[in-house]
Structure formats: structure tokens, C-alpha cells
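Good morning, and thank you for joining.

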Amino acid sequence: MADYRTIPAAELGKGSNIKVELCETEVDLYWKMAIEVLELIQENNAKGEKTVMIVPYGPLGPYARLVELINKHRVSLKNCWFINMDEYLDENKQYLPKTDPLSFRGGMDRIFYGLVDPELLMPEEQRIFPEPGNEGRIWETIQKLGKLDMCWGGVGITGHIAFNEPGSSLTSRTRQKTLTTDTIIANSRFFDYDVEKVPHYALTVGVGTVMDARE
């Protein structure tokens, strides 16, 4: 199998509908992502349209840059809906407290919502997370809003998207998942590989929902 590092940049993605772009550094990638999100919001604001996107809690790098751009250029998020793609659950398959460092809900407050100028920030009801016992809310919200502009995020070490492992159903349904051993071990790198600290359960949007995004 050819080593991907030897493939010229112009050849990456050739013969595929997937557009591949390279950044020189990880920091460049974070800025590129933040700028693309900002431009999408500005474009929709200018047209008087909603912006609806699925966002991750990680990679974290783009958020600091997006906050800086939003506050500096006074870009309103009032007509934005941010839908988080996943969230950890405790052993009772309920939310972790927001104060828990593993809570994506608490994390989004710390790295993004709590740093955007309140005059520009969207209402709390437009900051949506997968919710235990109300798994249908995300799909229903997207259908009600009539669009899904963008989904951005990383791809996990096993190739998983959100918490959809390889071989997962292509359903659009948000659902509870028991995480695989590979994912638990990979995520334990944030805790010096103490696998006991990583929750074994999570909520995740379906691959079908992700693939419905325009970008």
C-alpha cells in the first residue's frame, strides 16, 4: 500500500467527490476552520437566514480563534443553532454534571459560550446537546429548521465519526452507545491512559444526520 505521505498534494482526493486540502501546521488548520465557520455565519446573517450546524467538543483549537473573530468583528450568533454531536453519559446513562471536566456541556461553556460577548451570543435554547430520554430532539430540530448548513469535527483513531464506530448503522437517529475498548483506550490519553476515568457510555448523533449537512 502506498504511503500517503509520499502522495503529491494535487493527487489527494483525486477520483473522489471529497475535496482534500492540506494545511502546513495544526494551528493553520484551526484558523482555517474558524474562518470558514465565521464566513458561513456572516453570509447567512447578510441574507437574513439561520445558520444551523453540528459541532464537536474537540478539536478545541478552532473555538478560541472563533471566539476572537466573533468578538473582534461583532458577528451576531443570535440566528445560529449549534448542535453538539455527542456527550458522555455516567454509569446510570445520565448526563455528567457540568462541573465534571469530562462534560461536553460544561466544556462548551468554558471554551466558547462563556467567552463570546453576551450581546452576540445565541439564546441558550439554540445551544443543543444530545439528551438522554429525548434522543429524537436533534433530528426534529433540524427538520423544523429546514436545513443543516455544516458539520465539522475530527475523525477518531478507529475511524469513528462522533461516537459512531466503524460498522455502525447509517441511521440518522441520535442514540445511546456503549463505547468500544479501542475508543476508551484512545480517549484515556487525556488522563495519562487511566482508562478507569473514561465513561463507557455516550450519546451520539447518527451518521445519517452528519451526512445530511450541506458542508
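What radius of gyration would a compact globule with 215 residues have, and what does the chain have? A compact globule would have a value near 17 Å, and the chain has 18 Å, which agrees. That radius is taken over C-alpha atoms, and the globule rule is 2.2 Å times the number of residues to the power 0.38.

Before going further, a word on the source. This is a predicted model, in which local features need pLDDT of at least 70 and side-chain atom pairs count only at pLDDT 80 or more, while totals for chains, interfaces and linings use all residues. Residues are numbered from 1 along each chain as its sequence is written, and side-chain values use heavy atoms, with hydrogens and water left out.

The C-alpha trace spans about 45 × 45 × 35 Å along its principal axes. The chain holds 6 helices and 7 strands; these are DSSP runs, with helices being H or I of at least four residues and strands E of at least two, numbered from the N terminus. In sequence order the pattern reads α-β-α-β-β-α-β-α-β-β-α-β-α. Of the contacts between residues at least 6 apart in sequence, 74% join residues at least 24 apart, a contact being heavy atoms within 4.5 Å. Buried residues account for 43% of the 215. Here buried means under 20% relative accessible area, exposed over 50%, and partly exposed in between, with a 1.4 Å probe and protein chains only.

Let us turn to α2. Its 13 residues should span 18 Å at 1.5 Å a residue, and its end C-alpha atoms are 19 Å apart, which agrees; the expected span is 1.5 Å times one less than the number of residues. The buried residues of α2 are G61, P62, Y63, R65, L66, V67, L69 and I70. Their cover includes α1 (26–47), β1 and α3.

What joins G58 and P59? A cis peptide bond does, with omega about 5°. P59 lies in the loop between β1 (51–55) and α2 (61–73).

Just after α2, R74 takes a positive phi of about 55°, in a residue other than glycine. R74 belongs to the loop between α2 and β2 (80–84), and at 40% relative accessibility R74 counts as partly exposed.

K93 also has a positive phi, near 60°. K93 sits in the loop between β3 (86–89) and α3 (104–113), and its 33% relative accessibility makes K93 partly exposed.
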